[in-house]
Amino acid sequence: MNEARAVLKKQMIDTRKNKAVLIQFILFPVMTIVMTLLVKMDDMPEFFYLKLFSVMYLAMAPITSMSAIISEEKEKGTLRALMMSDVSGAAYLLGIGLYDFFCCMACTVLMSRVCGLEGDVWRDYLWIMAMGFLISIVLGSAIGVLSKNQMNATSLSVPIMCVFSFLPMIAQFNSTVEKIAKFFFTEQIYLALNREKSVKMDIEGISIVMANAILILIFFILAYRKEGLKKN
Amino acid sequence: MIQAMNISKSFNGKKVLDKITMEARDGEIFGLLGPSGAGKTTLIRVLTGQLQFEEGDAFVMGKSVKELKGKDKKQFGIMMDDFGLYDRLTCYQNLRVFADVYGVNDEDIYEVLKEVRLEGAEKKEASKLSKGMKERLRLARAFLHRPKVLFLDEPTSGLDPQTANEIHDMILKRKNDGCIIFLTTHNMHEAEKLCDRLVLLNDGHIVEEGAPQELCLRYDHQKRIQVVMKDGRTRDYSFDEKSGEEIGRIIGSGNLLTIHSKEPTLETVFMELTGRRLEV
């Protein structure tokens, strides 16, 4: 546990100076807050910008930040130094993953409160977002583990991130895409967030999200077995 | 003690280590001298458990490297070229990360920074350090938890002579503290200065081993003495009675400036054994 705490602490200090990662965490929350406060139209649905950007945020921030952090450490050899000082792969990923999760959740709490979400709806919104972040963190970790360097990580994470984040948006305008998009956890989260006066997921949605989580976990396990963290 | 017994390792069918057997004893600096591509870094990776191997076995502090656990690795200090630094973190923060892992306190961090002469640069970001300072910070990281065994892979490669000398002093201090130091280098002067014993490695084979001085004497086939006189003349003499009388006369005449025996250097020994130069 000491090792995971050391990694988490390192990441807290490093991210303050790492603008590329820092921007992943704050971009969508800042956009959501600014748009909500400044751009208001008469027939606009409640929490429009929050619901619009939340799904993009949960698909983009964890995937890009996790893959960027892990691949940078692999590229620069700091990960190798950590591993040789007896930080296990599990402790490392736990440290980075917890850090990523807390950052994303803190920003989510902030933006949802500023946008005026409260009560049971707020609680359900946070649960659903937390679930989405966890799945995206595992996916970002798998990409980081598979990538030898940061360039490699970017070229892998960008298309994957685009599929997960933009599919729910495109699905609104195209019925064919909608049929495919419904099998993605981000689409199910988008649907859950956009229910009338509540944030809830039906049984079908929960099943699809769980199936996504299991598939992504299997992808991560396969990636970790193939590449590991020491093989860089 | 560090032991390698008949270690063999191949990459894509090419043998990079071939039946390597060596032993580094407690309290000594043991060197691995050889040109680039000889297999020095691979052997360090094998001995530190970073790399699996096909044949043989290796032991560090009495334990097979295949069975090394976390707490065993905490006894090692490793400085390798590809063990990077956190560029955005300061010198202190770089060490703090590892201090948290090892359970080392702040006092020890400042002490090790002082030891590697980075005490004024603790708040400087690693990316803003000179090459020599970066090497010293990496050395500080290897020293931080007072390891019993130090593995140093080309610790002064590419550094200016003054920084290299400073690093040599730091390594010798660690030796005096009782640490076993396993060092790789392609620099014969570094090997002569630091190593108690060494092996010459070429294409994954050990070609010779012994103390640096002992190796040079072993390959001193010509046994010549060079005399430089005050009038600028230089003469070579063999080890015989007639030369002794001649040298005696030069000393008696007051014309002697310097007198040296002409043993081969480690470079010449290596060339004799392999036909290759060390620094390639």
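Author: Buried means a relative accessible area under 20%. Keep that cut-off at hand as we walk through this predicted model.

Reader: Thanks! Why is Asn212(A) called buried?

Author: Asn212(A) has a relative accessibility of 9%. The cut-off for buried is under 20%, so Asn212(A) counts as buried. You will find Asn212(A) in helix 10 of chain A.

Reader: What does Asn212(A) touch, leaving out residues up to four places away in sequence?

Author: Asn212(A) touches Phe164(A), Phe183(A), Phe184(A) and Phe185(A). The side chain of Asn212(A) also reaches the backbone oxygen of Phe183(A), at 2.9 Å.

Reader: What makes helix 9 of chain A mostly covered?

Author: In helix 9 of chain A, eight of the nine residues are buried. They are Phe185(A), Thr186(A), Glu187(A), Gln188(A), Ile189(A), Tyr190(A), Ala192(A) and Leu193(A).

Reader: Which helices do the buried residues of helix 9 of chain A pack against?

Author: They pack against helix 3, helix 6, helix 7, helix 8 and helix 10 of chain A.

Reader: Let's take helix 3. How do you know that helix 3 of chain A is roughly antiparallel to helix 9 of chain A?

Author: Two packed helices are described by the angle between their axes and the distance between the axes. For helix 3 (residues 48-76) and helix 9 (residues 185-193) of chain A, the axes come within 10 Å and cross at roughly 155°. Angles over 145 degrees count as roughly antiparallel, so helix 3 of chain A is roughly antiparallel to helix 9 of chain A. The crossing of this pair is right-handed.

Reader: Which residues meet where helix 3 and helix 9 of chain A come together?

Author: From helix 3 of chain A come Lys51(A), Ser54(A), Val55(A), Leu58(A) and Ala59(A). They meet Phe185(A), Thr186(A), Ile189(A), Tyr190(A) and Leu193(A) in helix 9 of chain A. Sorted by class, this contact of helix 3 with helix 9 of chain A has seven nonpolar, two polar and one charged residues.

Reader: And why are helix 3 and helix 6 of chain A called roughly parallel or antiparallel?

Author: Their axes come within 7 Å and cross at roughly 30°. Angles under 35 degrees count as roughly parallel, so helix 3 and helix 6 of chain A are roughly parallel to each other. Their crossing is right-handed. By class, the contact of helix 3 with helix 6 of chain A has 16 nonpolar, eight polar and one charged residues.

Reader: Where does Ser147(A) sit, and is Ser147(A) buried or exposed?

Author: Ser147(A) lies in the loop between helix 6 (119-146) and helix 7 (150-171) of chain A. The relative accessible area of Ser147(A) is 0%. Since buried means under 20%, Ser147(A) is therefore buried.

Reader: What is in contact with Ser147(A), leaving aside its neighbours within four places in sequence?

Author: Ser147(A) is in contact with Ser71(A), Lys74(A), Asn152(A), Ala153(A) and Leu156(A).

Reader: Let's turn to chain B. What is its secondary structure?

Author: Chain B comes to ten helices and 13 strands. Its C-alpha atoms fill a box of roughly 70 × 45 × 30 Å along the principal axes. Of the 280 residues in chain B, 53% are buried. Among contacts in chain B between residues at least 6 apart in sequence, 66% join residues at least 24 apart.

Reader: Why is Met5(B) called partly exposed?

Author: Met5(B) has a relative accessibility of 40%. Partly exposed covers the range between buried, under 20%, and exposed, over 50%, so Met5(B) counts as partly exposed. Met5(B) belongs to strand 1 (residues 2-11) of chain B. Not counting residues up to four places away in sequence, Met5(B) touches Ile20(B), Thr21(B), Gly56(B), Asp57(B) and Phe59(B).

Reader: What is the phi of Asn6(B)?

Author: Phi of Asn6(B) is near 50°, a positive value in a residue other than glycine. Asn6(B) is in strand 1 of chain B. At 42% relative accessibility, Asn6(B) counts as partly exposed.

Reader: And what is the phi of Lys19(B)?

Author: Lys19(B) is not a glycine, yet its phi is positive, at about 50°. Lys19(B) is found in strand 2 (residues 14-24) of chain B. With a relative accessibility of 47%, Lys19(B) counts as partly exposed.

Definitions and conventions: Residues numbered from 1 in each chain as written. Chains lettered and ligands numbered in written order. Predicted model: local features only at pLDDT ≥ 70, side-chain atom pairs only at ≥ 80, totals over all residues. Heavy atoms only, no water. Helix = DSSP H or I, 4+ residues; strand = E, 2+ residues; numbered from the N terminus. Buried < 20%, exposed > 50% of the residue type's maximum accessible area, 1.4 Å probe, protein only. Contact = heavy atoms within 4.5 Å. Axes fitted to C-alpha atoms, helices over the stretch in contact; angles between N-to-C directions. Parallel < 35°, antiparallel > 145°, perpendicular 65-115°, else oblique. Left-handed = near helix turned anticlockwise from the far one by under 90°. Nonpolar A, V, L, I, M, F, W, Y, C, P; charged D, E, K, R; others polar. Polar contact = N/O pair within 3.5 Å; in protein donor to acceptor, adjacent residues only side chain to side chain.
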